[in-house]
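The sequence and structure are shown below.

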Amino acid sequence: MTVNKYLIVITFLILQSCGTKKAQFTGTAFKKNTVLENFEFSKNRLDSLTNYLQNHLQTTGMMVLQNGKVIYEYGDIEEVSYIASCRKSVLSILYGKYVENGIIDLEQTIGSIGIDDIEGLLPIEKKATINDIITSRSGVFHTPSNGGYDKNNIKKRGSVKPGEYFVYNNWDFNVAGFILEEKSGKSIYQEIEEQLAIPLGFQDWNIKNQKKRYNKRKSKYPAYHIYISTRDMAKIGQLMLNKGNWNGKQLVSEEWIKKITTTVTPTSIINERKGQNPYQFSYGYMWWLVDNFKHHPDFEGAYSATGWGGQFITVIPKLNIVVAHKYKVPKLVDWGLKKGGVSNYSYWKLLYDYLKTKN
């Protein structure tokens, strides 16, 4: 085992050994649609989905909502675990109130805020705006404190102007978390609790389960890892489908929901970075947007939070569907010694095969 892989495994051993705390409070469960109104999602079809998950994927939790009701559950939907890069999409929601009340100015430069890092940022890098940061177009190619970013497309520092070049870089996302905390005066986890967990009635939330990951030899800015259950992920998806409204109260403005799910980096650029895929995506404000889903009309306007190993919060407006999908990172040294999880391709193939309404 290489040194880097050994360190990754040890990190996850520590995180996993901490365990999870019981929920601080219990919210309201989604109602179940016991009589499936849409024949496309008949019991036989959903039973077939279960068989597929059991025999072909490593899914540990999955929930499908239609019209705000549960039409499908699989695995342990109550288990609290790591949601990987779905954290970034959650952060984009939290930004909304502070952008709209003027506390966060998206055109403010990171240099004027005092953002710097180990060995310093270049003058051109300090000209990146908050908007550049939360669309992953800062042009700051500083090493982040955590892995899981697109190393292959990182350029020489100072070689591009801020806003001109997209690359999926955790440095941007980690700094985005720092900026929210600086501007709000609260931790990201307090913001999740106040903006999402309490008003949405999370059922398994406990702020004590939340842990940041630091590596100050690489960067001053930690990764703000988030740990929640599949059914609480589904509530975030339903809020997005509702355009920010929850039980008649506008928690997030419709304008902000529209903004963060609008393309900033087009599919052509994403294809250059990630390679061709039958499921075509563009990128907005920390959300992946479906651009062409095998030309199937049901998926027009769909978008998703996506995280390593099989963490997804997917919204399909044409079908009025939300999907929350989870693969729990296993304990001990099984992680890191063999590949695991559910790939992006496998997940989207699953949705195409089992959720589309017509061939």
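**Aromatic pairs**

Rings of Phe, Tyr and Trp (its six-membered ring) pair if their centres lie within 6.5 Å; planes under 30 degrees apart count as stacked, over 60 as edge-to-face and the rest as tilted. By this rule, the count is 22 aromatic pairs. In the pair of Trp 256 and Tyr 285, the ring centres are 6.4 Å apart and the planes stand at 55 degrees, so this pair is tilted. Trp 256 belongs to helix H9 (residues 254-260) and Tyr 285 to the loop between strand E9 (279-283) and strand E10 (288-293), so the pair ties together parts 29 residues apart in sequence. Helices (H or I, at least four residues) and strands (E, at least two) are DSSP runs, numbered from the N terminus.

Buried means under 20% relative accessible area (1.4 Å probe, protein chains only). Trp 256 is buried at 2%, and Tyr 285 is buried at 7%.

**Cluster and charges**

Ring pairs link Tyr 279, Phe 281, Phe 293, Phe 299, Phe 312, Tyr 345, Tyr 347, Trp 348 and Tyr 352 into a cluster. A charge sits over a ring if NZ of Lys or CZ of Arg is within 6 Å of the ring centre and within 35 degrees of the ring normal. Over the face of Tyr 352 lie Lys 294, at 4.8 Å from the ring centre, and Lys 356, at 4.3 Å.

**Basis of the values**

This is a predicted model: local features need pLDDT of at least 70, side-chain atom pairs count only at pLDDT 80 or more, and totals for chains, interfaces and linings use all residues. Residues are numbered from 1 along each chain as its sequence is written, and side-chain values use heavy atoms, with hydrogens and water left out.

Key:
Buried < 20%, exposed > 50% of the residue type's maximum accessible area, 1.4 Å probe, protein only.
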